[in-house]
Amino acid sequence: MIVIVIVIAAVAYGIVVIRHGFSARDNPSWLESSVARKTRSMAVPSSAKNMKNPVPKTPENLKEAEEHWADHCAICHANNGSGSTTIGRNLYPKTPDMRKAETQGMADGELYYIIENGIRLSGMPAWGEGGDNDEASWKLVHFIRHLPQLTPEEEKHMESMNPKSPEEKQEEQQEQDFLNGQSEPAKKSKPMKH
Amino acid sequence: MKRQFAILIVIGFFASLALAHGNEQHLMGVVKSISKSSITVQTTNNQIQEVTITDKTTFENAGAPSRMDDLKVGDRVVIHAVKSGDKLVAHTVRFGARKAASVHSR
């Protein structure tokens, strides 16, 4: 009886999914989120979860990690870890707000393991070689812990370290010139897409 | 002919005022009015555009974090916003002159 109910529910869910179609703009259902979190947790070996950060949390290491984050991670995670970027908002699943308990509640070793090995079927790539002594990744773990206390000044400083395409640099310069009063406000008429 | 083509390119280049990034738009213009939940801007092509402000909108004055209260009618602004239904919702509002930020390279 239970099997029949499960099969009927699965078929009904399948019909709904097929009719609705697939879009990365959707938010994962509660069921998907729960299964994904559990699977992610299971994917990190217990030995990795118990690892302690061997890198001291010094201002120098934190600054280095901040620059590293701005250069490599912020394009999806945003400088402040909110995940509110064009890529982060439109991934499936969405890039999480790393300042919140779901991330901050993870063990240091768990965060390190995810940075090193990535997360399958998500946008998170494996950034390391998978060993347990990648100093840069351990420094990033310190920075992730720092995210909830990130100041607007730190965030502003990080913006200057975010990678930019030549078009973005040019656009940024145009905007700055406009704010500095170096271009007339009533001459432009057509939107430019890129 | 080459000269005309070059002029066309230059005009096309400078014709940009609302720079789109997927769903994101960049507006440049002058503040015409301010309410608690929106800013109305006369854009650089003389369009009047209302932009919604939320509690997530950040303000930046001369490169430093700021507040909506510091913005005044007549200020030049650069607004980065996303389209939400028929509204344009700002996530960043920049105003105030400053030197261009240096670009970090690795």
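Visitor: What percentage of the 194 residues of chain A count as buried?
Guide: This is a predicted model, in which local features need pLDDT of at least 70 and side-chain atom pairs count only at pLDDT 80 or more, whereas totals for chains, interfaces and linings use all residues. Residues are numbered from 1 along each chain as its sequence is written, and chains are lettered from A and ligands numbered from 1 in the order in which they are written. A residue is buried if 20 or more other C-beta atoms lie within 10 Å of its own, exposed if 12 or fewer, and partly exposed in between, with C-beta atoms placed from the backbone. Of the 194 residues of chain A, the share that counts as buried is 21%.

Visitor: Which order do the elements of chain A follow from the N terminus on?
Guide: Helices (H or I, at least four residues) and strands (E, at least two) are DSSP runs, numbered from the N terminus. Chain A has ten helices and one strand. From the N terminus on, the order is α-α-α-α-α-α-α-α-α-α-β.

Visitor: What share of the contacts in chain A with a separation of 6 or more comes from residues 24 or more positions apart?
Guide: Two residues are in contact if their C-beta atoms, placed from the backbone, lie within 7 Å. For residues 24 or more positions apart in chain A, the share of contacts with a separation of 6 or more is 63%.

Visitor: Which elements are included in what covers the buried residues of helix 4 of chain A?
Guide: The buried residues of helix 4 of chain A are Ala65(A), Glu66(A), Trp69(A), Ala70(A), Cys73(A), Ala74(A) and His77(A). An α-helix has 3.6 residues a turn, so residues three or four places apart point the same way. The cover of these buried residues includes, in chain A, helix 5 (86–90), helix 8 (135–146) and helix 9 (152–159).

Visitor: Is helix 4 of chain A roughly parallel or roughly perpendicular to helix 8 of chain A?
Guide: The two helices pack at an angle of about 90° with their axes 8 Å apart; axes are lines fitted to C-alpha atoms, for helices over the stretch in contact, and angles run from 0 to 180 degrees between N-to-C directions. Angles under 35 degrees count as roughly parallel, over 145 as roughly antiparallel, 65 to 115 as roughly perpendicular and the rest as oblique. Therefore helix 4 of chain A is, relative to helix 8 of chain A, roughly perpendicular.

Visitor: Why does Ala78(A) count as buried?
Guide: Ala78(A) follows helix 4 of chain A and lies in the loop between helix 4 and helix 5 of chain A. Its phi is near 70°, a positive value in a residue other than glycine. Ala78(A) is buried because the number of other C-beta atoms within 10 Å is 23.

Visitor: How many C-beta neighbours inside 10 Å does Gly83(A) have?
Guide: Gly83(A) is also found in the loop between helix 4 and helix 5 of chain A. Among the residues that Gly83(A) touches are His77(A), Ala78(A) and Pro96(A). Gly83(A) counts as buried, because its number of C-beta neighbours inside 10 Å is 20.

Visitor: In chain B, which residue of strand 8 is the bridge partner of His80(B)?
Guide: Two strands pair if DSSP finds at least two bridges between them. Strand 7 (residues 76–84) and strand 8 of chain B pair in the antiparallel sense over eight bridges, while strand 5 (residues 58–61) runs parallel to strand 8 (residues 87–95) of chain B, with four bridges. Thr58(B) stands opposite Thr92(B). The bridge partner of His80(B) in strand 8 of chain B is likewise Thr92(B).
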